[in-house]
Amino acid sequence: MTSLELDSSFRSALRAAAHALRPVVQVGDKGLAPSVLAEIDRALTAHGLIKVRVAGDDRAARVAMQAEVCQALQCAPVHHIGKVLVLYRPTAADPLGRRFRAAPAPATVADGPFVPKRYAAEGKTEAPPKARAKRAAKPVRAVTARERYLGTSDKPQRPTLHRTRAAGVKRNTGGRGSSLTLSSKRRRG
């Protein structure tokens, strides 16, 4: 029996998917007992991609253990980092491993015109109408002088220099707390 072979892109996608996983099986100091192999087999059947934690400090023993598990259970070694082994075997529900495969590359400019996600989700392949066309379709409403003065709220906005000169009103330079007000009070009293 030989172990399963994986291409590099699929192995990379499996490694990325396994990053968030936690070890589901722990191999103790006694090594690979038949009960441990049975537990790894059950986990591979249920999940397809698993992590196995191996006790012991000997790296060569861990590599040999990974090869032995892959031969016995017909699975593929995905990754081996530290004391954690990552194993993969296709499940009955997903024999091609589609849920682990990388998403296709996004469309580039050379592939066609830009289509926003919401239009693409609806199945449209054309770009949306331009914003100018939308603005031209809206009726234009005349703005009154009161609206110009008040703005969008009912409170009067602080008049700008341009508005005060246009209305013929003198600017109040000596408002509350200004230096001119304080100096004039000193002079008066």
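This is a predicted model: local features need pLDDT of at least 70, side-chain atom pairs count only at pLDDT 80 or more; totals for chains, interfaces and linings use all residues.
1. Residues are numbered from 1 along each chain as its sequence is written, and side-chain values use heavy atoms, with hydrogens and water left out.

2. On the overall layout, the chain comprises eight helices and four strands, where helices (H or I, at least four residues) and strands (E, at least two) are DSSP runs numbered from the N terminus. Read from that terminus, the order of elements is α-β-α-β-α-β-β-α-α-α-α-α. Of the 189 residues, 24% are buried, a word that stands for under 20% relative accessible area, with exposed meaning over 50% and partly exposed the range in between (1.4 Å probe, protein chains only). Among contacts (heavy atoms within 4.5 Å) between residues at least 6 apart in sequence, 58% join residues at least 24 apart.

3. Strand E4 deserves attention on its own account. Five of its five residues are buried, so E4 is largely enclosed by the rest of the structure.

4. E4 pairs with E3 (residues 76–81) in the antiparallel sense over five bridges, pairing being assigned if DSSP finds at least two bridges between two strands. The hairpin of E3 and E4 has two residues between the strands, and Gly-82 there takes a positive phi near 65°. E2 is also antiparallel to E4 and is joined to it by five bridges; within that arrangement, Val-52 has Leu-85 as its bridge partner in E4.

5. The largest nonpolar core has 18 residues, of which Leu-32, Ile-40, Val-52, Val-69 and Leu-87 touch the most other members; such a core is a set of buried Ala, Val, Leu, Ile, Met, Phe, Trp, Tyr and Cys residues joined through side-chain atoms within 4.5 Å. At least two residues of this core come from each of E1 (25–27), H2 (34–47), E2 (49–54), H3 (59–73) and E4 (84–88), and H2 gives the most, with five residues. Leaving aside residues up to four places away in sequence, Val-52 touches Val-25, Val-27, Ile-40, Lys-83, Val-84, Leu-85 and Leu-87. A second, separate core of 10 residues includes Leu-6, Phe-10, Leu-49 and Val-86.

6. The structure holds one aromatic pair. Its members, Phe-10 and Tyr-88, are arranged edge-to-face, at 5.4 Å centre to centre and with 85° between the planes; rings of Phe, Tyr and Trp (its six-membered ring) pair if their centres lie within 6.5 Å, and planes under 30 degrees apart count as stacked, over 60 as edge-to-face and the rest as tilted. The pair links distant parts of the chain, since Phe-10 lies in helix H1 (residues 8–18) and Tyr-88 in strand E4, 78 residues apart. Phe-10 and Tyr-88 are both buried.

7. Finally, which cysteine sulfur is closest to that of Cys-70? The sulfur in question belongs to Cys-75, and at 3.8 Å it is too far for a bond. The structure accordingly holds zero disulfides, a disulfide being a pair of cysteine sulfur atoms within 2.5 Å. Cys-70 counts as buried at 2% relative accessibility, and Cys-75 is buried with a relative accessible area of 0%.
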